[in-house]
Amino acid sequence: MHTNNYLLSLVVLVLCAHLNCKSNTETTELPDAPLSPNKPWICEELDLPVRDFISEQEGLSTLYATAGDFSIETLDGTWNFKDRYTGCESYLFIQNEPAQAQGWPVPLWDRDIESFVDHVPLNTQVFFLTENSDYPSQLAKLEPLKEAIDAHIQTYAGIERVIRKDQFHYVTQKASWIEGWLGKVFKNPGWGIGIDRFQRIRYIGSYADPTRSNAERGWFEPNLKMAGNEAIYFNFEAKREAELNRENATTVSVFLQDRVQGDLRKEIELPDASVLQNFDSVSIDLYMGCDGEGEYGTCPAWDYMAYLYMCDQPQEPTNPHNTTTCQPSVPEVFGECYLNGTAVDGDCTE
């Protein structure tokens, strides 16, 4: 249930001259792990940077905490996080009945298997778990899933087939009974877990598919493919951080964990003109999240919109908005939207 009416908001301006970027200010607190000079074969093959494993003694299970070491039992034997850590991959742990996808006519694992495999990035390790406590009932859930995935992997060719074969794991332990922080998160919040490229604990969000409206339930039926979006976003975050570090960009924080109720405005101070002339681009990074430890319970209602305005334009004849303080808001920029469940191009407001 959505219990609050605010969001946590972060806006960062990133100024960069591709040949002459200057000072860098951290915009997020990321685990301090150096990049490793040694590349596992998959990182080499995918040309991805490698981060060293962070040893975490406390074993915290909260959102964004460093994921500590753990071992789990799978159909292929014991899998240990630290031993199998490559430094360029992310991890998804998906139950057959996660808290946010229960009680639907079609169980989560009974469809969308092939589209999920196609959608999840190659640098993602995926673990499937159940809340069944005995081995025979675990196998009854895991084996049909494994057979479907194995069959679909045979449709791939070359290096992608090789990578996909080692990408999926089937856990033969009751999820919430696993020792350490992993089992704790399966107890609460029970949404499924991700470990991102910075070795931080993340929670899997909604499985709701906007093309599957269920009138009886008044919501959208789940799609396993949606879990792949988490790993896609983890890759985006890692790529963004790598680009900022490579460019040595100057960052200016606008909002940092501010609660939003209605409009939120703030004045900022940019570098002076002598410094700004060295830059050739500016990027705006906006993140709206939930207040609290996770993406559940304390989230406000959905469908919030964010608008970007260009204000205080010079009074010049060539400026079409020279008589207004701010130009009209930038229209839809996503290139694709859904109308009545169908993807369309153009105006999403018809």
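**Reading strand 4 and its surroundings**

Me: How many bridges join strand 4 to strand 5, and how should I read such a pairing?

Reply: Two strands pair if DSSP finds at least two bridges between them, and here 6 bridges join strand 4 to strand 5, the two running parallel. Helices (H or I, at least four residues) and strands (E, at least two) are DSSP runs numbered from the N terminus; within this pairing, the bridge partner of Phe93 in strand 5 is Phe127. This is a predicted model, in which local features need pLDDT of at least 70 and side-chain atom pairs count only at pLDDT 80 or more, while totals for chains, interfaces and linings use all residues. Residues are numbered from 1 along each chain as its sequence is written, and side-chain values use heavy atoms, with hydrogens and water left out.

Me: Which strand runs antiparallel to strand 4?

Reply: That is strand 7 (residues 193-195), joined to strand 4 by 3 bridges, with Gly194 as the bridge partner of Leu92.

Me: What is the handedness of the unit made by strand 4, helix 3 and strand 5?

Reply: A crossover is right-handed if, with the strands pointing away from the viewer, the path from the first strand over the helix to the second runs clockwise, and these three elements make a right-handed β-α-β unit.

Me: Are the faces of strand 4 covered or open?

Reply: Buried means under 20% relative accessible area, exposed over 50%, and partly exposed in between, with a 1.4 Å probe and protein chains only. By that criterion 6 of the 6 residues of strand 4 are buried, with Ser90, Leu92 and Ile94 on one side and Tyr91, Phe93 and Gln95 on the other.

Me: Why does Ser90 count as buried, and which residues does Ser90 touch?

Reply: Ser90 counts as buried because its relative accessible area is 0%. Contact means heavy atoms within 4.5 Å; leaving out residues up to four places away in sequence, Ser90 touches several residues, including Asn123, Asp196 and Phe234.
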